[in-house]
Amino acid sequence: MAGRQRVVHLLQQLEHAACRCPAHSNTFHQGGGAASCTVRKTEYAFEMASSNIRYGGGVSQEIGMDLQNLGARNVCLMTDKNLSRLPPVKIVLESLLKNGVKFKVYDNVRVEPTDTSFKDAISFAKKHSFDVFVAVGGGSVIDTCKAANLYASHPDADFLDFVNAPIGKGKPVTGTLKPLIAVPTTAGTGSETTGVAIFDYEPLKAKTGIASRAIRPTLGIVDPLHTLSMPPRVAANSGFDVLCHALESYTALPYHQRTPCPPNPINRPAYQGSNPISDVWSRHALNVVAKYMKRSVRDPEDLEARSSMHLASVFAGIGFGNAGVHLCHGMSYPIAGNVKTHSAKGYSVEHPLVPHGLSVVLTSPAVFNFTAPMCPERHLEAAEILGADLRQVKRADAGAVLSDTLRQFLLELQVEDGLAAVGYSNEDIPALVKGTIPQERVTKLSPRSHSEDDLAELFEASMKLY
């Protein structure tokens with residue numbers, strides 16, 4: 001009992017040291033076990049989950065030995081058509097051949113996947129009865145591979161069974177999946193660390209996803225040499241995803257304010273709200289972004305900067321993979337899903353595209369100006385990390401200060417001037433709001449509650465940035 005009291009006391013000290021703002025000032029709850037949720041309305045516990053991570057320049061060459069060690073007999077290697085011609089995939093294939101690993105390649109992954117593209121990959125996986133999966137690529141490839149592994153391991157499941165509610169049924173994953181090794185080639189999504197797979201659900205023109213710790217990769221092989229193949233705009237948009245992962249998870253609703261309290265641990269969501277462990281990873285990722293992101297975009301050969309951003313992606317992935325994200329990501333999904341004609345620089349795709357990181361960051365100045373009153377200390381701390389001078393700044397200025405700091409950051413990296421610059425107008429706002437409503441899994445983690453009118457105002461404020 002005394003040991004438990006010491007742990008509770010330590011958690012209280014950690015929280016008080018981190019922030020005393022309205023959203024984070026409550027003491028940590030001393031839940032009496034799972035039975036507490038029969039009488040509680042709010043959460044009382046959080047848990048930490050992440051993939052195993054291996055980091056090092058050239059470490060992709062080890063993957064053939066990993067597969068051999070797993071006793072793999074029939075491996076599915078997933079990538080996209082552009083990457084299939086580039087060094088990261090070539091290095092992985094050479095390692096598989098050198099170690100006598102039998103494999104088949106699926107290179108039809110769609111950048112910004114859809115339910116249709118997921119289903120095509122799932123069909124391929126079911127057809128060939130693979131015993132190990134390997135994903136070489138960015139978040140689109142890794143997420144597609146997660147879905148293929150999930151549904152190949154649950155062949156009788158309907159596609160919407162595991163898709164997040166309210167679009168899908170949100171059923172918990174109870175079966176055992178095959179091992180999945182992820183080799184990220186972009187420094188952004190953090191998908192190698194998380195149990196989340198995101199896609200466009202075409203019938204509703206909205207992004208949704210699958211969220212379960214069960215689909216998390218077994219191992220993430222983080223090889224910074226792969227990031228040298230990223231064009232500057234891909235590096236920028238990937239970095240913006242890292243930036244927003246860190247900012248949103250650090251400012252998310254505290255885990256002990258999340259409702260409902262799960263009746264069974266299997267129902268505890270992957271995105272739990274800010275917590276003392278995620279805070280450490282998210283804050284550190286933000287520091288790395290502040291120091292290295294501009295360098296990584298401006299000089300593709302800057303290995304130190306690109307390597308650091310690759311690690312920052314992992315750090316932020318561990319942070320948001322357990323705390324979650326909120327409004328920037330929730331609002332980004334209809335921005336990406338309703339794209340009309342925008343052509344993204346640096347991306348070898350034939351369809352209109354607003355890259356994920358760009359769709360997330362365009363609303364960030366408006367969003368953090370909106371959420372700041374609930375936890376001004378955290379917003380000010382983030383602004384200071386990103387270079388703001390906080391002398392003479394009051395708590396009430398937190399939103400404006402972080403918003404202005406973000407605008408300057410985006411301006412220096414030559415980001416498009418708001419939603420209008422990627423093809424949207426005020427006439428599109430109702431559709432954008434409609435596409436945000438189903439994203440409750442993330443939007444409910446905003447530290448500030450919001451209405452449809454609030455969302456409309458945020459989209460309107462994001463039409464032009466500068």
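The model is predicted. Helix 5 is mostly covered, and strand 7 is largely enclosed by the rest of the structure, because five of its six residues are buried. The largest pocket holds about 1000 Å³ of space.

**Helix 5**
- Helix 5 runs over residues 139-153, and its 15 residues should span 21 Å at 1.5 Å a residue.

**Strands 6 and 7**
- Strand 6 (residues 196-201) pairs with strand 7 in the antiparallel sense, over six bridges.
- Ala197 has Ile210 of strand 7 as its bridge partner.
- Four residues lie between the strands of this hairpin, where Lys205 takes a positive phi near 50 degrees.

**Largest pocket**
- The largest pocket, with about 1000 Å³ of space, is lined by 49 residues, and the closest to its centre are Val111, Gly138, Gly139, Ser140 and Tyr347.
- Helix 5, strand 6, helix 6 (232-250), helix 9 (327-337) and helix 10 (356-361) each supply at least two residues of this lining.
- By type, the lining of the largest pocket has 18 nonpolar, 21 polar and 10 charged residues.

**Second largest pocket**
- The second largest pocket contains about 770 Å³ of space.
- Its lining has 28 residues, of which Gly170, Ala211, Asn267, Arg268 and Pro269 are the closest to the centre.
- This lining divides into 16 nonpolar, five polar and seven charged residues.

How values were computed:
Residues are numbered from 1 along each chain as its sequence is written. This is a predicted model: local features need pLDDT of at least 70, side-chain atom pairs count only at pLDDT 80 or more; totals for chains, interfaces and linings use all residues. Side-chain values use heavy atoms; hydrogens and water are left out. The expected span of a helix is 1.5 Å times one less than its number of residues. Buried means under 20% relative accessible area, exposed over 50%, partly exposed in between (1.4 Å probe, protein chains only). Two strands pair if DSSP finds at least two bridges between them. On a 1 Å grid over the protein atoms alone, a cavity is a set of points where a 1.4 Å probe fits but cannot get out, and a pocket is an open set with protein on both sides within 12 Å along at least five of seven lines; lining residues have an atom within 4 Å of a point. Grid points are joined across faces, edges and corners, and a volume is the space filled by probe spheres set on the points. Ala, Val, Leu, Ile, Met, Phe, Trp, Tyr, Cys and Pro count as nonpolar, Asp, Glu, Lys and Arg as charged, and the others, Gly among them, as polar.
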